[in-house]
Amino acid sequence: METTVASPPAPAADSINDSLSPNDLAGLTAILAKYPAEKRFSLAILQDLQRQFNYIPEGAMQLVKEHVGTTVGQLYALATFYKALSLAPKGQHIIKLCDGTACHMRGANNLVGEVGRILNIAPGERTEDGLFSLELVNCVGSCALAPVLIIDETYYGKVTMEQLPSIINEYRQPTGGETDE
Amino acid sequence: MSKANASQSAPARQLLICCGTGCLANKAAAVAEALEAAIQAAGANAVVQPDALQLKRTGCNGFCENGPIVKIHPDDVSYYKVKPEHAEAIIASIGGEPYQALLYRGDDKQPVTRQQDNPFYAPQHKVALRNIGQIDPLAIEDYLTSGGYQALRKALAMPPARIIEEVIASGLRGRGGAGFPTGIKWQTCAGYQPTPKYVVCNGDEGDPGAFMDRSILEGDPHSVVEGLTIAALAIGAERGFFYIRDEYGLALHNVQAAIQAATAAGYLGDDILGSGRKLHLEIVRGGGAFVCGESTALMASIEGKVGEPRAKYVRSAERGLWDMPTVLNNVETLANIPYIIANGGAAYAKLGTEGSKGTKVFSLVGKVNRTGLVEVEMGATLRHLIYDIGGGIKRNRPFKAVQTGGPSGGCIPAEMLDLAVDFDSLTAKGAMMGSGGMIVMDDHDCMVEVARYYVNFLSEESCGKCTPCREGLRQMLRILTDITEGRGQQGDIELLERLANTIKDASLCALGKSAPNPVLSTIKHFRAEYEAHINEHSCPAGVCSALCVYTIAAESCTSCSACKRACPLGIISGEKGVPYSIDSERCIACGSCRDACRFDAVRPIKKERQVVAS
């Protein structure tokens with residue numbers, strides 16, 4: 001099984017992989033190499049793929065299937081069941097707005113509207129330039145800081161609507177989303 | 001993070017900086033760096049020499065709203081809302097007078113130096129949270145110094161049946177929500193012969209408003225590892241799993257580090273402390289599905305399947321993970337285990353009430369003055385939690401209800417403030433303990449909207465296996481949305497009740513069975529509010545934006561401009577000496593102005609009824 005994974009994509013017959021660049025394929029191979037060939041690692045592998053590609057590329061499914069010994073159908077079942085996984089590409093920066101109870105009570109829905117206005121997207125969508133995705137998430141367990149906004153891994157607590165433009169702008173800098181104030 | 005060398009004696013003084021997720025969001029990492037720099041800068045001139053000071057990054061102190069928190073031991077000084085620029089002053093104050101500006105000020109505005117005098121901490125009784133905020137979660141030597149892994153040593157010398165007896169004697173019940181007696185669960189599983197057996201720690205904390213498991217996994221991961229190891233000894237398992245939400249990055253990291261450190265130190269692995277017993281633990285990351293907090297769904301997820309619950313004619317203790325006997329316990333439950341084994345079940349059973357022993361961690365959030373993570377003895381009253389520890393309702397507004405038990409819990413009204421909280425009392429009132437979320441609401445919260453919010457959450461999170469849950473919740477959501485948007489009809493309340501009862505009766509798992517609780521409990525205690533929405537198209541709490549707009553009462557307005565600054569649309573106008581006014585045509589009733597007003601001048605009024613398209 002390892003050899004199938006490591007071998008370069010076959011020239012013509014195997015068209016499934018052609019959506020993956022050699023670079024992507026190397027990334028995928030590295031992820032698969034981390035996990036023994038057991039079905040129970042399907043979810044973990046898909047999570048790693050999600051992290052690397054910001055979605056689950058169709059071409060990757062076939063190789064995951066072969067590695068863990070499952071069916072593509074079962075992988076799709078996982079990819080559509082678990083919220084952390086997505087079949088459509090997500091933005092470079094993922095903005096998560098917590099809509100847990102405490103955040104909801106403290107006006108999370110106003111923040112949703114405001115972020116939507118700034119970026120011109122609704123929850124679940126990606127900006128045209130591919131820079132941002134907006135997601136509504138359920139409680140992230142930081143209720144004492146409600147309302148909470150998370151961009152990538154950085155938490156912003158007690159966020160007000162006035163702060164939103166400058167928070168989002170931090171991630172528009174060419175250097176990326178460093179937030180060392 | 002942990003540079004402490006176990007062979008050296010610990011420095012005389014410790015600076016404990018809280019690096020829980022809450023404090024990190026408030027820039028605790030920068031504070032820690034500034035403190036380190038200040039220690040070095042003070043150098044030889046300092047009253048306390050740098051090598052006599054140890055800076056330690058701890059887990060969550062639970063009082064996140066006032067973070068970052070810095071504590072100095074053994075001086076017993078606690079500072080709150082510390083910023084990097086305070087570092088020098090803090091270091092300079094060590095050994096002398098505490099730095100006044102950062103001390104907590106309680107209800108009487110007097111500065112409080114010691115944590116145990118702080119009104120938020122004073123009434124608490126910490127068992128599950130015993131080490132959190134005191135130790136560096138990444139330093140196993142810190143855990144060992146505070147008595148860690150002593151319970152495991154003790155358990156290794158006990159026959160499994162004796163371990164189980166202690167846990168049964170403690171009266172410990174599962175902290176994840178269902179409240180099943182932990183010792184009985186272990187005993188049942190130990191009674192089954194087939195091997196391999198498994199132990200699982202449920203760290204898929206998904207209830208909105210609850211973060212105790214996260215805090216424990218982040219701040220004291222070894223206590224959970226030790227608890228899970230003792231469970232494995234009791235039932236005879238050699239493999240175990242942590243199932244932790246993928247969103248809990250710090251928890252995942254700290255648990256992984258704890259497993260590695262414990263394995264390296266011989267507390268896990270092929271030969272635990274030379275006893276010949278073995279246990280291997282691994283972490284499975286959750287995929288972001290609320291239903292995976294349900295034990296059978298969680299196990300399916302570990303197996304690499306879609307996380308759907310199964311019927312429990314056969315309990316997991318008999319056939320769980322890969323159809324083998326499995327014990328699954330919640331994080332907080334497991335964190336209690338080392339305490340119980342070390343001190344004896346009887347000592348634990350002295351705490352709490354008749355039917356619910358020990359302590360419980362609650363996340364007290366919402367409209368209280370002091371929000372955070374609190375641990376109290378079972379049987380504490382809601383009034384004690386909300387008014388003594390929580391410091392009462394923000395801005396002295398009237399208390400309206402507290403929602404307990406997560407999305408499938410219920411709302412408890414003001415009349416029941418003196419209810420002693422334990423598993424049984426809450427269930428009797430139509431709410432439940434759940435995992436311990438406590439969301440406090442005031443008169444600005446609309447109970448119909450609250451019910452709609454929870455049903456929306458649950459209908460999204462329903463795995464779809466059982467039709468009554470999948471379709472019934474959708475229909476309930478549709479009806480509730482109609483009510484909150486002014487399209488409610490006569491008979492809606494009764495229809496909701498009928499749907500609720502069907503979902504309760506005909507769903508497989510606890511998620512479906514308890515999903516109607518928020519609706520049933522709000523109908524029971526706040527029926528008049530539903531009726532006002534339906535009959536008068538008005539929202540008495542002034543929340544439902546389709547039904548109300550805001551206006552400023554001229555006689556109460558001091559023209560302080562707080563509302564104007566809060567308004568996201570900039571549609572409030574006015575000037576000094578003249579009452580402010582809101583452009584009601586454009587008002588979206590977001591409530592920002594009302595929350596900002598300290599004079600109660602902003603009031604909701606009923607919106608002129610327009611034809612609302614459905």
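Among contacts in chain A between residues at least 6 apart in sequence, 63% link residues that are at least 24 apart. In chain B, 72% of the contacts between residues at least 6 apart in sequence join residues at least 24 apart. The model described here is a predicted one. Chain A has 181 residues, of which 36% are buried, and chain B has 614 residues, of which 56% are buried.

**Chain A**

- Chain A contains 8 helices and 4 strands.
- Read from the N terminus, the elements of chain A follow the order α-α-α-α-α-β-α-α-β-β-β-α.
- Helix α4 of chain A covers residues 58-68, and its buried residues include A:Ala60, A:Met61 and A:Leu63. Also buried in helix α4 of chain A are A:Val64, A:His67 and A:Val68.
- Directly after α4(A) comes A:Gly69, which adopts a positive phi of about 75°.

**Contact between chain A and chain B**

- The contact draws 35 residues from chain A and 41 residues from chain B.
- On the side of chain A that touches chain B, the elements giving two or more residues are α3 (42-53), α5 (72-81), α6 (101-105), α7 (108-119) and β4 (154-156) of chain A.
- Sorted by class, this side of chain A comprises 19 nonpolar, 11 polar and 5 charged residues.

**Chain B as a whole**

- Chain B has 22 helices and 19 strands.
- The C-alpha trace of chain B spans about 75 × 70 × 40 Å along its principal axes.

**Domains of chain B**

- The domain assignment divides chain B into domain 1 (13-117), domain 2 (140-349), domain 3 (359-442), domain 4 (447-536) and domain 5 (548-606).
- Taken over C-alpha atoms, the centres of domain 2 of chain B and domain 3 of chain B are 27 Å apart.
- The contact between these two domains takes 14 residues from domain 2 of chain B and 15 residues from domain 3 of chain B.
- The side of domain 2 of chain B that touches domain 3 of chain B consists of 4 nonpolar, 5 polar and 5 charged residues.

**Strand β8 of chain B and its partners**

- Strand β8 of chain B, residues 239-244, is largely enclosed by the rest of the structure, because 5 of its 6 residues are buried.
- Strand β7 of chain B, residues 198-203, pairs with β8(B) in the parallel sense over 6 bridges. Within this topic, B:Tyr198 is found opposite B:Arg239 in β8(B).
- Strand β9 of chain B, residues 280-285, also pairs with β8(B) in the parallel sense, over 6 bridges. The bridge partner of B:Ile244 in β9(B) is B:Arg285.
- Between β8(B) and β9(B) the chain passes through helix α10 of chain B, residues 249-264, in a right-handed β-α-β crossover.
- In a regular strand, side chains alternate between the two faces of the sheet.

Methods. Residues are numbered from 1 along each chain as its sequence is written. Chains are lettered from A and ligands numbered from 1 in the order in which they are written. This is a predicted model: local features need pLDDT of at least 70, side-chain atom pairs count only at pLDDT 80 or more; totals for chains, interfaces and linings use all residues. Two residues are in contact if their C-beta atoms, placed from the backbone, lie within 7 Å. Ala, Val, Leu, Ile, Met, Phe, Trp, Tyr, Cys and Pro count as nonpolar, Asp, Glu, Lys and Arg as charged, and the others, Gly among them, as polar. A residue is buried if 20 or more other C-beta atoms lie within 10 Å of its own, exposed if 12 or fewer, and partly exposed in between; C-beta atoms are placed from the backbone. Domain bounds come from an automatic or database domain assignment. Two strands pair if DSSP finds at least two bridges between them. A crossover is right-handed if, with the strands pointing away from the viewer, the path from the first strand over the helix to the second runs clockwise.
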